[in-house]
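Here are a few friendly notes to read alongside the model. Take them one at a time, with the 3D view open, and try to find each feature for yourself.

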Amino acid sequence: MIDAKKKDVLIRDSNKERCVMLSLTPRERVLNLFAGKEVDRPACYSGMGNVTTAALEEMGCKFQELHGDAAKMARAGASSYRLFGYESAVIPFDLCVEAEALGCAMNPYDEVEQLLYPTIKEKIIHSEEEITTFPIPADLLERGRINVICEAIRLLKQDVGQEVAVGTYLLGPFTLAGQLMDLNDLFKLTFKKPDKVNAMLDRLADVQIGIGKKFYEAGADYISVREMGATTDVLSPKTFDKVIAPHLKKIFAGLPGNNILHICGGTNSVIKIMNECGAGALSIEFKNDMVKTRTEIGSGPLVFGQVDAYNVLVTGKSDDVVKGVLASLDAGVDAVWPGCDIWPTAPLENLRAMVETVKEHGANRWARKKG
Amino acid sequence: MSQAILDQLKEGVVNYDEEAVITAANEALAQEMDAHSAIFDGLVPGMVEVGRLYEEQEYFVPEMLMCADAMYAGLNILKPHMKKKEGSANGVVVMGVVQGDVHDIGKNIVRMMFDASGFEVHDLGRDVPLDKFVEEQLKTDSNLVCLSAMMTTTMVGMKEIIEKIKEKNPKCKIMIGGAPVTEDIASRWGADGYARDANNALKDAINMISSLKSIS
């Protein structure tokens, strides 16, 4: 039997140990890094979708059911933490939220057996004229599934919000524009009439700031802005600088919070511009040469990445995952993120290997910690 | 004289100058130049150069799309004057972007090269249900099926299509392409070809069809 006084000492001792060991909750680990406070090791989490088929089986529900149901979305969002110790809970799982709120029709593939991510089937801009005149509804923030996302964020905060960071994402203005109109036309206009495209993207940046603020008000701990439609495979660094970067800058200036800019592909030729956009951190995939990146932008900026979300996490063996994670750490990432959404069939043992490797080796191999 | 016209066709494509291509194509016809030669010695080398510029990262997708517009402007004028069967690869191809994926730029570039080469093209478009590829292959008895995916999340659907087509028609060749596709994935899934870009897709397709014919 322990008397009250003794118990108090025990608690204080364990608190002391906590301080010495700097044993943080995953949430603290994620948020302290953004705040510039001391952190024990890089966290292992993501700013992109990461539901697994294992979680869906456990929930007894289909992927399609998650997109419009806040309760299911929240449960699935918390599943990666519960199943393999991921240090975040991220919703939603598709990329159509903003386009839908703006009036596009989404296809959730309800009738399809296999697992597919929703796409936009009806666009709202059909001519060059409309790219600067298309209506933005006054009640945009009440439309589509925006309130579903907010409700799911609130549910996640109640459920696991003390332990892990709750994250969500927005599309970059150019990627969003590609859903609102024909992509071929958008690309050609980007070259032929950049001023018009800039005017369009400027409006979309305002849209994203509004939606992002609402997500933060609902309780999101961090937001990734995913501008994957503007990869270096498709647009020149010059175009990126003139047509993509100004609107990303606007978003990060107008949306206070822990923002991450994510772009996939070989981003070395634009990493300097990405770094000047004003996000709290950058997220890159394995095609980015991190050594070059650090030479370009220095050791200061937070960079997250760069585990191959498909060829390592889905089709690789546990050994490949360990190798991939160590390579990312050695390359100098500040948090281990997959380079994309985790494809749901990724085996749990691979995902566990990812998290465990970061826990075991993260502190020792972290370039920032080594000074 | 005719070399000057061929150069104009080529340059017009490379410089995404539709007007120049239209003028040169009409001039070619006025001089009774062989339409086949105007396409294969003028427009196609232009597009090959565009492919090179894309690879060298001097051109990007917007430029490539504008070059494709210029090339089509020329093809529309010249193709009706092409004599049947002349030098064409005479293959039948079924192509499309797999379900769940609405990105069709790569597929459209590849399609254009097949069009120019005289293939009979059955373009299923984008976001195509998996079974539709199998049905269309059987219906057209095509020598070749080309599958495209731009996202990792949709690429996985290709595996099933390849299995189903090969099961019903083992002689049909299958080529897959798109940003996330790798040579390794193509060989693991049993595809006959893998194309990282449009030029590569066309060369591979012609090789495959000729090998098919030499066997049968």
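**Notes on chain A**

1. Let us begin with charge. Chain A carries 44 positive and 50 negative side chains, and the centres of these two sets are 5 Å apart. Please keep in mind throughout that this is a predicted model.

2. Next, the overall build. Chain A contains 16 helices and ten strands. Along the principal axes, its C-alpha atoms fill a box of roughly 80 × 45 × 40 Å. A compact globule of 371 residues would have a radius of gyration near 21 Å, and chain A agrees, because its own value is 21 Å.

3. How much of the chain is buried? Of the 371 residues in chain A, 58% count as buried. The accessible surface is about 14,800 Å², and carbon and sulfur atoms account for 52% of that area.

4. Now look at which parts of the sequence meet. Take the contacts in chain A between residues at least 6 apart in sequence: 73% of them join residues at least 24 apart.

5. The structure has twelve aromatic pairs. One of them joins Tyr45(A) and Trp337(A) in an edge-to-face arrangement, with 5.3 Å centre to centre and 80° between the planes. Tyr45(A) sits in the loop between strand 1 (43-44) and helix 3 (53-59), while Trp337(A) belongs to strand 10 (residues 335-338), so the pair ties together parts that are 292 residues apart in sequence. Both Tyr45(A) and Trp337(A) are buried. Ring pairs also link these two with Phe34(A), Tyr222(A) and Phe304(A) into a cluster.

6. Which residues of helix 8 are buried? Helix 8 covers residues 173-180 and is mostly covered, with eight of its eight residues buried. Among them are Pro173(A), Phe174(A), Gly178(A) and Leu180(A).

7. Finally, pick out Val148(A), which is found in helix 7 (residues 146-160). Is Val148(A) buried or exposed? Its relative accessibility is 18%, and buried means under 20%, so Val148(A) counts as buried. Setting aside neighbours within four places in sequence, Val148(A) is in contact with His67(A), Gly68(A), Asp69(A), Ala70(A) and Met73(A). For Asp69(A), which is 79 residues away from Val148(A) along the chain, the C-alpha atoms of the two are separated by 6.7 Å.

Technical notes. Residues are numbered from 1 along each chain as its sequence is written. Chains are lettered from A and ligands numbered from 1 in the order in which they are written. This is a predicted model: local features need pLDDT of at least 70, side-chain atom pairs count only at pLDDT 80 or more; totals for chains, interfaces and linings use all residues. Side-chain values use heavy atoms; hydrogens and water are left out. Helices (H or I, at least four residues) and strands (E, at least two) are DSSP runs, numbered from the N terminus. The radius of gyration is taken over C-alpha atoms; the globule rule is 2.2 Å times the number of residues to the power 0.38. Buried means under 20% relative accessible area, exposed over 50%, partly exposed in between (1.4 Å probe, protein chains only). Contact means heavy atoms within 4.5 Å. Accessible areas come from the Shrake-Rupley method with a 1.4 Å probe; for residues, only the protein chains shown count as cover. Lys and Arg count as positive and Asp and Glu as negative; His and the chain ends are not counted. The place of a charge is taken as NZ of Lys, CZ of Arg, CG of Asp or CD of Glu. Rings of Phe, Tyr and Trp (its six-membered ring) pair if their centres lie within 6.5 Å; planes under 30 degrees apart count as stacked, over 60 as edge-to-face and the rest as tilted.
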